[in-house]
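Have the viewer open as you read.

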Amino acid sequence: MADRIIELGLARPGEAAALARMSRDFIETGLGWTYRTPRMSKLIADPAATALVAREPGRPVGFAIMRFGDERAHLVLLAVDPARRRLGIARRMLNWLVE
């Protein structure tokens with residue numbers, strides 16, 4: 001798995017459903033599913049937020065969404081596929097967002 005290339009890039013509108021499923025499965029399990037596709041689409045399009053996706057060829061394997069204000073930033077969501085954890089993907093996404 002370490003030999004796979006994970007690329008970071010801004011979320012595409014067509015990825016909203018995949019990110020919503022990841023939120024449901026990796027973040028919101030047992031809490032109620034609130035970040036459904038329409039809400040993810042709004043976050044991706046929001047100029048005050050940055051939606052970043054970690055991709056293996058052909059599919060998202062993680063994402064992070066951060067809202068930015070004048071003096072503060074708020075991490076809205078962060079998820080990495082359990083099979084891809086402990087590879088530094090979340091750290092790379094956070095570093096990218098902070099920079």
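Helices (H or I, at least four residues) and strands (E, at least two) are DSSP runs, numbered from the N terminus. This is a predicted model, in which local features need pLDDT of at least 70 and side-chain atom pairs count only at pLDDT 80 or more, while totals for chains, interfaces and linings use all residues. Residues are numbered from 1 along each chain as its sequence is written, and side-chain values use heavy atoms, with hydrogens and water left out.

Let's begin with Ile5, which sits in the segment before strand 1. Is Ile5 buried or exposed? It counts as exposed, at 57% relative accessibility; the cut-offs are under 20% relative accessible area for buried, over 50% for exposed and partly exposed in between (1.4 Å probe, protein chains only). Setting aside neighbours within four places in sequence, Ile5 is in contact (heavy atoms within 4.5 Å) with Arg55, Glu56 and Pro57.

Arg55 belongs to strand 2 and is buried, with a relative accessible area of 13%. Its contacts, not counting residues up to four places away in sequence, are Ile5, Ile6, Glu7, Gly9, Leu10, Ala11, Arg12, Glu15, Pro60 and Val61. Two C-alpha pairs show how the chain comes back on itself here:

| Pair | Apart in sequence | C-alpha to C-alpha |
|---|---|---|
| Ile5 and Glu56 | 51 residues | 6.1 Å |
| Arg55 and Ala11 | 44 residues | 9.9 Å |

Four strands make an open sheet in the order 1-2-3-4, with antiparallel pairing; two strands pair if DSSP finds at least two bridges between them. Strand 1 (7–10) and strand 4 (73–80) are the edges, each pairing on one side only. On average, and ignoring direction, neighbouring strands are turned by 20 degrees against each other. As for how angles work here, axes are lines fitted to C-alpha atoms, for helices over the stretch in contact, and angles run from 0 to 180 degrees between N-to-C directions.

How many bridges join strand 3 (residues 59–68) to strand 4? There are seven, and the two strands run antiparallel. Met66 has Leu75 in strand 4 as its bridge partner, and Ile65 stands opposite Leu77 in strand 4.

Back in strand 2, you'll find Thr50. At 19% relative accessibility, Thr50 counts as buried. Apart from residues up to four places away in sequence, Thr50 touches Leu10, Ala64, Ile65, Met66, Phe68, Trp96 and Leu97.

**Helices on the sheet**

Helix 2 and helix 3 come next. Seven bridges tie strand 3 to strand 4, and helix 2 (residues 37–45) packs on the sheet, touching strand 2 (49–56), strand 3 and strand 4, with its direction at about 60 degrees to that of strand 3. Helix 3 (residues 89–98) packs on the sheet too, touching strand 1, strand 2, strand 3 and strand 4, and its direction makes about 155 degrees with that of strand 4.

Which residues of helix 2 are buried? Met40, Leu43 and Ile44 are. They sit on the same side of helix 2 because they cover an arc of only 100 degrees around the axis, taken from the directions from the helix axis to the C-beta atoms. The buried residues of helix 2 pack against helix 1 (16–27), strand 2, strand 3 and strand 4.

**Helix 1 against helix 2**

Two packed helices are described by the angle between their axes and the distance between the axes. For helix 1 and helix 2, the axes come within 8 Å and cross at roughly 115 degrees. From helix 1, Ala16, Ala17, Leu19, Ala20 and Ser23 meet Thr37, Met40, Ser41 and Ile44 of helix 2. By class, this contact has six nonpolar, three polar and no charged residues; Ala, Val, Leu, Ile, Met, Phe, Trp, Tyr, Cys and Pro count as nonpolar, Asp, Glu, Lys and Arg as charged, and the others, Gly among them, as polar.

Finally, look at Arg86, in the loop between strand 4 and helix 3. Its phi is near 70 degrees, a positive value in a residue other than glycine. Arg86 is exposed, with a relative accessible area of 85%.
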